[in-house]
Amino acid sequence: MAVEVQEARPTGVNLLGLGRGDYRGLPSTLCAGCGHNSISSQIIAACYEMSVPPWKTIKLSGIGCSSKSPAYFLNRSHGFNGLHGRMPSLATGALVANRGLRGIAVSGDGDTASIGIGQFIHMLRRNIPMVYIVENNGVYGLTKGQFSATADKGQVLKKGMENPFNPVDICIEALAANCGFVARSFAGDPRQVKELIKAALGYNGTAVLDIISPCVTFNNRDESTKSYTWGKEHEDPIHDMSVIPEREEIHVDYEPGTATTVEMHDGSRLVLHKLERDYNPRDRMSALMLLEQARVNNELITGLLYLNDEQPILQDTAGLVDTPIVDLSPEALRPSPESLEQLLADFR
Amino acid sequence: MSMPAVAAQGSGAAPMERPPILNEFSMVVATVNGSGSQTSNMAILRALFRMGVPVGGKNLFPSNIQGLPTWFTIRASAHGFTARRERSEILVAMNPATFIEDLAGLSPGGVCFYNDTITAPRTREDITFYPIPVEELLRELNPAKALRDYVANMAYVGVVAQLLGIDLAEVRGALETHFHGKAKAVESNMAMVEAAAGWARQNLVKQDPYLVQRDRQTEGKIMIDGNTAAALGALYGGVGVVGWYPITPASSLAESIQEYAPSLRTDPETGKLTVAIIQAEDEIAGAGIAVGAGWMGARSMTSTSGPGLSLMAEYVGLAFFVEVPVVIWDVQRMGPGTGLPTRTSQGDILFARFMGHGDTKHPLLLPGSPTECFEFGWKAFDIAERLQTPVFVLSDLDIGMNLWMTDPPAYPDKPMDRGKVLTDEDLEQVGDFARYRDVDGDGIGYRTLPGSKNPKGVWFARGTGHNEKAVYSERADDWTKNMERLWRKLETGRKLMPLPVIERAPNGQAEIGLIAFGSTDPAILEARERLAAQGIATDYLRLRAVPFAPEVEAFIRGHRRVYVIEMNTDGQMRQLLQLDVPDQAAKLRSLTINSGLPMSARWVTEALLAVEEA
């Protein structure tokens, strides 16, 4: 790792004085080896390292294996395990009601790309500040192995049926919907997953993380693009990345000209270190072309594909007060008796 | 003007032979949808209202933007009755396509104002005809091309006002209200009104008996539609988040919130809104937004009609089980299916009451006027937050979209009831927190809101089976206990609902009890007088909520025969009453009409007499 972080605080706690244990959840009931468990661990690590206040965070999910996972992290945060494919609207209502909170949402490929594609796209149009993780394994786990909308064409079920349809690419959909933070990662690359989550936590808008998260029970054949073997053999990160929380010093020893630093909304800094290719994550067209090339070349491109931090969030588009609506006084919520008298005069 | 004086043609009697009929008529204006006749009709309606004459206006419009026939009926009633009348005495015929049919429907001895370009034969000998030279007046006034159609419709306002005796100053005032004081719009329309009235003064001879004269019966009243009143009620109720999707006839409810929020709910320091209004991509998301906000602790709502309600079933069931307060306005229209989007109905009673899979039941509020739309607009939040459950307000197209003469709504008479919410400080005082524990025996648990810091209060909202600590559980006893508590909670809700309004017959208690609700109130009130005139005394109970108060059962038991009168095919409210008072089920007789039109007193009277006399 090329970045050194200097910490000046007691060991074992973060800036809030919380330990890692304060970010844990209940024991997972998912299968041993499930990619989702690895992602939960990285959510815990990222929130700990970024000193995210659990009480300022809400967990949201839809339905499916992935959507169970909010029970397995951030036990000190409120959460809502909602409806299949409809979590984005729930999150929208929650976060406009209380703009002081940040959402961490976990969905799956069925929840997002099959039943929930409509709400997914409209959530992105509105730009709600929230980390939106898709734990993408190309298969329905809880109902025992049916194809989802991200299943490979030609993917074979345990019972032998073959998927005849082309997959939905969640990152392409996100880019098409003008999402300002689009990333792809692989549960088998925990360090990158963690750094991407940290960057997403610092982003002011909807951050989509499409994380290939193998299903060891129903879709882990070596030839599946959602398997551990395929991912390890085909992963091609576009950059090495690190996120430095606010108030921590950066010591960078990259070669000059090989790293870019981005100041994130929360004051943290994202350092992107160039690997083989020159890639500008601020160019949406490049992102689309890269994804298309990766599809043709059978590669798993990972990293922060697109970043645009200049789009207004829904709370501002809707013209809302800075004070969270839930914290407004009764006087602010109920207009005066005189105003009603005045108003009714118009109807006489 | 070059035209010679026109003696009214075909009038059945000379003017002096018919005594004047003061402030008592039903007028139907037949136009083409999209021709801008709304402004003209509003002007007549409001001018009558400001002359102190009780009025009711019903717009019968097609599901169409432009081109299909539309009828607007204006009823003036010296007796204060505002329900829709089935037949009219006065026709304003502006649509050649429906002229023959419209003329045939006119009451004997009626009056027909017609656009003089209509060449269809005037088949009725008993009718007084007055032409309106719309084209000629337009040629003389030569309004801007874009305004032509709108101004054209003002011609009938002028002629009708002149012949009936409607004060032009009141017409002007009505237009000023309609155009929010925009002088240019008022003047261009008023120019036509005055020109047409002047033409009528010079060229028409009054031959019919219908006249308007000033009265004082509208003092203290207002004219407002239920959707606007509901929107204002919500804004005064402290609504924080609105998620909605456009649908007839509910759209104007959310749109009115949007319209009035800047003046009523803006933070004076920053000029920013204290309410979020989000037009969703569909009704599923509209409901989802409301449920998310309700969980977070904001007062939240959505508004819709039949098809949208169907889409919301999923979220309503979730909110019921997770126990999230949320208010759902259903401005009912005709179903099933797409049904008749622009026709009124009371057909969603059973669906709303039991919406959702598994065991679900929801409180319903039943506003009977725009005044009550305002009242329930704020009260629904108190009930929803107290009970921590979805609360429905069932309005309908008639209340929602028509202008009603009604009492001005009263300012909320009590502070907001935010229900059982524990703060961080409260949590310090309690030993142990369990979200769904029935601490008080009323079935209502205590909730904490996201954003509270005390880890003791953290719980995980889930639509899956849970124990009292909101932890996933498949245990039979956890499930059973939880459902029993939910039903205990619903029973608590019975005490929170608005009481029914009971009106007794003047001379002691009647044998017959009438039960109705919602927009049919004016028709029932008028029908009771008609029945009384025939010697049939009735008591009347107007339901304002489900579940029913004990007064409802007492009313049923206290009458020999009880008629449940409603606008659906299956007698849905009767079924709910039968479930509630099973031993009286056979006594409850059903009178239903499901024509899509607002209920008339004549129908109520005839339907009841038919059963009584059978």
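Analyst: Two strands pair if DSSP finds at least two bridges between them; strands (E, at least two residues) and helices (H or I, at least four) are DSSP runs, numbered from the N terminus. This is a predicted model, where local features need pLDDT of at least 70 and side-chain atom pairs count only at pLDDT 80 or more, while totals for chains, interfaces and linings use all residues. Residues are numbered from 1 along each chain as its sequence is written, and chains are lettered from A and ligands numbered from 1 in the order in which they are written.

User: What is the order of the strands in the open sheet?

Analyst: Go across it one strand at a time: β10(A)-β15(A)-β8(A)-β9(A)-β5(A)-β4(A)-β2(A)-β3(A)-β18(B). That makes nine strands with mixed pairing. At the edges sit β10 (235-237) of chain A and β18 of chain B, each pairing on one side only. Ignoring direction, neighbouring strands are turned by 20° against each other on average.

User: Which strands does helix α1 (residues 35-49) of chain A touch?

Analyst: Helix α1(A) packs on the sheet against β4 (102-108), β5 (130-136) and β9 (206-212) of chain A. Its direction makes about 155° with that of β5(A). Angles like this run from 0 to 180 degrees between N-to-C directions, with axes fitted as lines to C-alpha atoms, for helices over the stretch in contact.

User: How do I read antiparallel pairing? How many bridges link strand β11 (residues 239-244) of chain A and strand β14 (residues 269-274) of chain A?

Analyst: In a regular strand the side chains alternate between the two faces of the sheet. Here, β11(A) and β14(A) pair in the antiparallel sense over six bridges, and Val243(A) has Leu270(A) as its bridge partner. Strand β13 (residues 259-263) of chain A pairs with β14(A) too, antiparallel over five bridges; Leu270(A) is again the partner, now of Val262(A). β13(A) and β14(A) form a hairpin with five residues between them, and Gly267(A) in the turn has a positive phi of about 95°.

User: Now chain contacts. How many residues of chain B are in contact with chain A?

Analyst: Two residues are in contact if their C-beta atoms, placed from the backbone, lie within 7 Å. By that rule, 55 residues of chain B meet 47 residues of chain A. On the chain B side, the elements giving two or more residues include α7 (226-236), α9 (283-296), α10 (306-322) and β18 (460-462). α9(B) gives the most, with 10 residues. Sorted by class, that side has 34 nonpolar, 14 polar and seven charged residues (Ala, Val, Leu, Ile, Met, Phe, Trp, Tyr, Cys and Pro count as nonpolar, Asp, Glu, Lys and Arg as charged, and the others, Gly among them, as polar).

User: How should I read a pair of packed helices?

Analyst: Two packed helices are described by the angle between their axes and the distance between the axes. Take α7(B) and helix α8 (residues 251-264) of chain B: the angle is about 50° and the axes are 8 Å apart. That makes α7(B) oblique to α8(B) (under 35 degrees counts as roughly parallel, over 145 as roughly antiparallel, 65 to 115 as roughly perpendicular and the rest as oblique).
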